[in-house]
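Please keep the sequence and the model open while reading.

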Amino acid sequence: IDENSENLTTEQRGLLLKGYESNERTINLINKMLVVTRIEAGKMEYESGLMHIEDLIDAVLLDFAGIVETRHIAVSFERPEKPLPYVRADAEKIRAVIQNLVENALYYTKENGVVKITAVAAEGFVTVSIQDDGIGIPARQQAGIFSKFFRADNAVKARTDGSGLGLFMVKSIIDKHGGTIGFKSEENIGSMFYFTLPVAAESEKVI
């Protein structure tokens, strides 16, 4: 595709792109399953460091700029005027958490929808929330939302290529960091997922 695209017909290029996209989905699924295997075996490695969560949110939103533009979704991040307290966390793992939650909000929100992200600090924790006006989660199925391979009926219809592993991984990562994760959702109205991370101790903070 990269080196010989000028020699391809439109039909040939279309078929190759479909094959490429299918291959990428398979790789993504395998990677998620490998992560789940490491989590369940207790072999997930964590590299802890001090970070501002708002900087990570900004970086993740840049990754989704193309999807946001294509689907005409209004995404807002209410970045605090003053830097939030540091949290000690594995930046790569927490980035994956934010990516999963933002991706879900974008894919399960209708075109021209709205996704709102906030980050605040209170009572020794930093709390991040991602709210959308998408398909929501049926009340009868909400209890299993963080289970491995779980997907709500309406989510399967809206996105056939989901793995049902993302929220399982997200909860495992947040639990490992000593935080909490939860959600509020109403079918056909939208969902709001949030997670917390403990603020770093004063003795750990950079002067």
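## Nonpolar cores

The largest nonpolar core has 40 residues, and those with the most contacts inside it are I53, I57, I94, I98, I117 and F195. A nonpolar core here is a set of buried Ala, Val, Leu, Ile, Met, Phe, Trp, Tyr and Cys residues joined through side-chain atoms within 4.5 Å. Buried means under 20% relative accessible area, exposed means over 50%, and partly exposed lies in between (1.4 Å probe, protein chains only). At least two residues of this core come from each of α2 (53–63), β3 (87–89), α4 (91–107), β4 (114–122), β5 (125–132), α6 (166–176), β6 and β7. Helices (H or I, at least four residues) and strands (E, at least two) are DSSP runs, numbered from the N terminus. The largest share, seven residues, is supplied by α4.

A second, separate core has seven residues, including V36, M44, L165 and F168. In soluble globular proteins, nonpolar side chains tend to be buried together. Contact means heavy atoms within 4.5 Å.

## Basis of the model

This is a predicted model: local features need pLDDT of at least 70, side-chain atom pairs count only at pLDDT 80 or more, and totals for chains, interfaces and linings use all residues. Residues are numbered from 1 along each chain as its sequence is written, and side-chain values use heavy atoms, with hydrogens and water left out.

## The sheet

Five strands form an open sheet with mixed pairing, in the order β2-β4-β5-β7-β6. Two strands pair if DSSP finds at least two bridges between them. The edge strands, each pairing on one side only, are β2 (74–78) and β6. From one strand to the next, the twist averages 10 degrees.

Strands β5 and β7 are antiparallel and pair over seven bridges; V126 has L197 in β7 as its bridge partner. Strand β6 (residues 181–186) also runs antiparallel to β7 (residues 190–198), and six bridges join the two. Within this pair, F183 stands opposite F193 in β7. The two strands β6 and β7 form a hairpin with three residues between them, and N188 in the turn has a positive phi of about 70 degrees.

## Helices on the sheet

Helix α2 packs on the sheet and touches β2, β4, β5 and β7; its direction makes about 165 degrees with that of β2. Helix α4 lies across β2, β4, β5 and β7, and runs at about 170 degrees to β7. Axes are lines fitted to C-alpha atoms, for helices over the stretch in contact, and angles run from 0 to 180 degrees between N-to-C directions.

## The α2–α4 contact

How do α2 and α4 pack, and what angle do they make? Their axes are 10 Å apart, and the angle between α2 and α4 is about 55 degrees. The two helices are therefore oblique to each other (under 35 degrees counts as roughly parallel, over 145 as roughly antiparallel, 65 to 115 as roughly perpendicular and the rest as oblique). The crossing of α2 past α4 is right-handed, that is, the near helix is turned clockwise from the far one by less than a right angle. On the α2 side the contact is made by I53, L56, I57, A59, V60, L61 and D63, and on the α4 side by A91, I94, R95, I98, Q99 and V102.

D63, in helix α2, is partly exposed, with a relative accessible area of 44%. Apart from neighbours within four places in sequence, D63 is in contact with R95 and Q99. The C-alpha atoms of D63 and Q99 are separated by 8.7 Å, with the two residues 36 apart along the chain.

## Loop residues

H52 sits in the loop between β1 (49–51) and α2, and is buried at 19% relative accessibility. Not counting residues up to four places away in sequence, H52 touches P83, L84, P85 and Y86.

Two further loop residues have positive phi. N112, in the loop between α4 and β4, has a phi near 65 degrees although it is a residue other than glycine. With a relative accessible area of 57%, N112 is exposed. E123, which is not a glycine either, has a positive phi of about 55 degrees. The loop between β4 and β5 holds E123, which counts as exposed at 79% relative accessibility.
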